Structure formats: C-alpha cells, structure tokens
Amino acid sequence: MSQYQWISDDTQAELLDEQMLELADVARICCVNDQWLLERIEQEVVQPIVRDDRYYFTSATVVRIQQVIHVEQVYDADPQLAALVADLTEEVQALRRELKHLSSS
C-alpha cells in the first residue's frame, strides 16, 4: 500500500496554499516519482499550468492527482479510467455545492 494520504474532500484542498507548486514538490507531496507525473501529463490525465517551459500545479490539481493515484492503486485502473473517475468525482462535488447553495437560498 502507498504512503500517500488521499485528500477526498474538496474543502481539504484549502490546506495547501493557493501558490503554484512545482513538479518536484507535487511528486514529493503525492509520493510518486517525477516520471509518473510526467507520464500522466503526457496522457492528459493531469493538466498543469505551463510557464517558461516549467510545470506548475494548483492545490485542486494536487487533489486530482491524489484521486488518480488512489483509483489506479486500489482498483488497478489504467490512467485514463482513473482520470474519468476524477472527472466524475469533481462533477458530483460541483453539483452538490450548487444544490446546497440553491437549497440555502
């Protein structure tokens, strides 16, 4: 089992500063190597911000990476399936936020 801790709730993304994180930092936070992360970028599973030919990541992207890692490891899923699960999870969370907002109005 991996040593990473999956951040499952989007509000926990706020634990990380909104500053941009570099590839090596994200790899360390997520307990993966740089190559793993570069492969997921090539496969368009993860979309970093590119500035001056360097990759930068937001806290929301780190949460997505952790979700992808979780799905890949727990369910032995390929990266594209893990990305789809992350997309659907993000969509469900957005819909829940919208529903909560509408019900409190």
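Predicted model: local features only at pLDDT ≥ 70, side-chain atom pairs only at ≥ 80, totals over all residues.
Strands S2 and S3, the latter spanning residues 54–57, pair in the antiparallel sense over three bridges. Two residues separate S2 from S3, and the strands form a hairpin. Aspartate 52 sits in the turn, with a positive phi of about 55°.

Now follow S3 to its other neighbour. S1 and S3 run antiparallel and are joined by two bridges. Here leucine 21 has phenylalanine 57 of S3 as its bridge partner. In general, strands of a sheet pair through backbone hydrogen bonds, in either a parallel or an antiparallel way.

Step back to the whole chain. The secondary structure comes to four helices and three strands. Along the sequence, the pattern reads β-α-α-β-β-α-α.

Turn next to the helices. Helix H1 covers residues 23–30, and its axis comes within 9 Å of the axis of H2. The two axes cross at roughly 110°. Angles from 65 to 115 degrees count as roughly perpendicular, and H1 and H2 are therefore roughly perpendicular to each other. Which residues meet here? From H1 come Leu23, Ala24, Val26 and Ala27. They meet Asp34, Leu37, Leu38 and Ile41 in H2. By class, this contact has seven nonpolar residues, one charged residue and no polar ones.

Helix H2 (residues 34–42) and helix H3 (residues 59–75) pack at an angle of about 100°, with their axes 12 Å apart. That makes H2 roughly perpendicular to H3. On the H2 side, the contact is made by Trp36, Leu37 and Arg40. On the H3 side, it is made by Ile65, Val68, Ile69 and Glu72. The classes here are five nonpolar, no polar and two charged residues. Note Leu37: this H2 residue takes part in the contact with H1 and in the contact with H3.

Helix H4 spans residues 79–104, and aspartate 87 lies in it. Is aspartate 87 buried or partly exposed? Its relative accessible area is 37%. Buried means under 20% and exposed means over 50%, so aspartate 87 counts as partly exposed. Glutamine 67 is 20 residues away from aspartate 87 along the chain. The C-alpha atoms of these two residues are separated by 9.8 Å.

A few totals complete the picture. The protein chain has 105 residues, and buried residues make up 36% of them. Its accessible surface comes to about 7100 Å². Carbon and sulfur atoms hold 50% of that surface. What share of the contacts with a separation of 6 or more comes from residues 24 or more positions apart? In this chain, such residues account for 58%.

Conventions
Residues numbered from 1 in each chain as written. Heavy atoms only, no water. Axes fitted to C-alpha atoms, helices over the stretch in contact; angles between N-to-C directions. Parallel < 35°, antiparallel > 145°, perpendicular 65-115°, else oblique. Contact = heavy atoms within 4.5 Å. Nonpolar A, V, L, I, M, F, W, Y, C, P; charged D, E, K, R; others polar. Buried < 20%, exposed > 50% of the residue type's maximum accessible area, 1.4 Å probe, protein only. Areas by Shrake-Rupley, 256 points an atom, 1.4 Å probe, with all protein chains shown as cover. Pairing = 2+ DSSP bridges.
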